Amino acid sequence: MDSFTKNMVVDSSWSFSDLTKKETSYASHGYHKYPAKFIPQLVKRLILEYSREGDLVLDPFGGCGTTLVEAKLNNRNSISIDVNDAAILIASAKAEAIDPAILETNNKLILERIAKSNDHKDYYANANSRLKYWFKRKQFNKLFKIYNEIQRESDKNIKTFYNCCFSDILKNCSKWYSKSIKPQRDSSKKDVEPAHAFIEHLNYMTKQNLEYYNLLDKSINIVESSVKKADARKTMLPKNSVDLIITSPPYAISYEYADIHQLSLLWFGSTKNIAGIRKDYIGTASKRKAIKSARIRSTRGLNTIKSLERLDTGLANQIANYIVDLDLTFREMHRVLKHGKKMCIILGDTRYLGIKIPNTDMAIELINNAGFNINKVIKRKICSKIFTPYRDSTGKFSDGESGKKRRIYQYEYIIIAKKKLLLMDCGVRFFTYIYNKFLISLQEAGNLALWDKYDN
Ligand SMILES: C[S@@+](CC[C@H](N)C(=O)[O-])C[C@H]1O[C@@H](n2cnc3c(N)ncnc32)[C@H](O)[C@@H]1O
């Protein structure tokens, strides 16, 4: 079977390769590090091309809320969904622009409280064992002092803003190897002073909040944005309610989002057991139930699974689960999207044990089967996504510095699909139309009969 994307050329106008890090982190976009987050300019272009002011834009794999912020800045209502509590915290902080004067006053107060605090309790003694693995006792207790002062903040938005700031500094203040997105301990890492890290990042976020506030101030409409913890496969949103979907699903066996965000998830008490929540995430490498081939509604997917089965049955099963999960998500997106409206999926292919995992081609097949027409596919070069784009010879992610490594994720694809009417919908619509016509003609006949009576 021919690949849909095989001979496609890059459309450089979608690569945004000339943008600096500062330009892609304007307003609230730079509040928190997040793997594989969107370039805001890419999302903005899709929003402007495929929706109108006042429309509702949904991102079912919302991550740190890039789509939500861009929708807000461009006068669109928006919903950002994710299963990850760390994503919910970050997106919630990024959504709200706080009155700069009020924020400045609160900043002074909280920093004073932190400086004056004489809390010398040993919080480390009763800490979660996984947190003990990541933090030194001294660092942990200093961080806890800051955390306690944040929880005393009474304004909900400001508290979320501080919690987001705190979440961002956790990695720096722990033994987490700084150059790695993946969990890796660096026992020779130098201590970072938590109070300094907090003040520095708070100053940065405060400056960015001002920029965001001023940008929003110029917008004409008041729009609503909401961040929801939910599963993209079952959003609980009403059917036919969304005007545009922009999203980037996780890649198959790429990132374990639960592991990557474990410091925040453990610290804020979302879970005590990271391994236990992995299964909720699409694309996870954790053990999942066996999938019958009849449930794989992608020929390319089935071929890939067959090739993988010869090398690693566990891996083949992970990909099978991934395909079923994507299928369920696209069906759910079809349910919530209004007829004739667009869904933009950003996805790239990957490789594992020398075998290409054609995520994009598989997604195109599934999207078609779910009741969409593919309008356009754009190939773009990945330039500034926070990615670890290397795997070593065993197939594991590597930092790209050592050993034999190969670069993956050089390109990705923007699939633009339009919701078509399913045959059943067409049938229901047709019969409703005929029935209404029939009622009108009955009414008219009744009125005529009445006139006839008067005439006589
Ligand atoms: C590629 S990232 C999206 C990043 C996002 N575009 C941004 O700019 O921040 C994929 C996201 O999917 C989320 N995710 C994984 N499984 C999910 C599920 N079943 N339902 C909803 N979100 C899920 C992950 O937590 C992660 O945040």
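Visitor: Which residue is the bridge partner of Ile346 in strand 12?
Guide: That's Ile414. A word on what you're looking at: this is a predicted model, where local features need pLDDT of at least 70, side-chain atom pairs count only at pLDDT 80 or more, and totals for chains, interfaces and linings use all residues. Residues are numbered from 1 along each chain as its sequence is written, and side-chain values use heavy atoms, with hydrogens and water left out.

Visitor: What do you call a strand, and when do two of them pair?
Guide: Strands (E, at least two residues) and helices (H or I, at least four) are DSSP runs, numbered from the N terminus. Two strands pair if DSSP finds at least two bridges between them.

Visitor: How many residues of strand 12 are buried?
Guide: Seven of the nine in strand 12 (residues 411-419). Buried means under 20% relative accessible area, exposed means over 50%, and partly exposed is in between, using a 1.4 Å probe and protein chains only.

Visitor: Where is Asn368?
Guide: In helix 15 (residues 359-369). Asn368 is partly exposed because its relative accessibility is 33%.

Visitor: Let's switch to strand 1. Are its faces covered or open?
Guide: Both faces of strand 1 (residues 56-59) are covered: Leu56 and Leu58 are buried on one side, Val57 and Asp59 on the other.

Visitor: What does strand 1 pair with?
Guide: With strand 2 (residues 77-82), strand 1 pairs in the parallel sense over four bridges. The path from strand 1 to strand 2 goes through helix 3 (residues 66-73), and this β-α-β crossover is right-handed; that is, with the strands pointing away from the viewer, the path from the first strand over the helix to the second runs clockwise. Strand 1 is also joined to strand 4 (residues 242-247) by two bridges, and those two run parallel. Leu58 stands opposite Ile245 in strand 4.

Visitor: And the ligand? Which residues come nearest?
Guide: Tyr34, Cys64, Thr66, Asp82 and Ala232, out of 23 residues around the ligand. Being near means that a residue has a heavy atom within 4 Å.

Visitor: How much of the ligand does the protein bury?
Guide: The ligand alone exposes 610 Å², and the protein buries 99% of that. Those areas come from the Shrake-Rupley method with a 1.4 Å probe.

Visitor: Last topic: how many disulfides are there?
Guide: Zero in the whole structure, where a disulfide is a pair of cysteine sulfur atoms within 2.5 Å. For Cys164, the nearest cysteine sulfur is that of Cys165, 7.4 Å away. Cys164 counts as buried because its relative accessible area is 0%.
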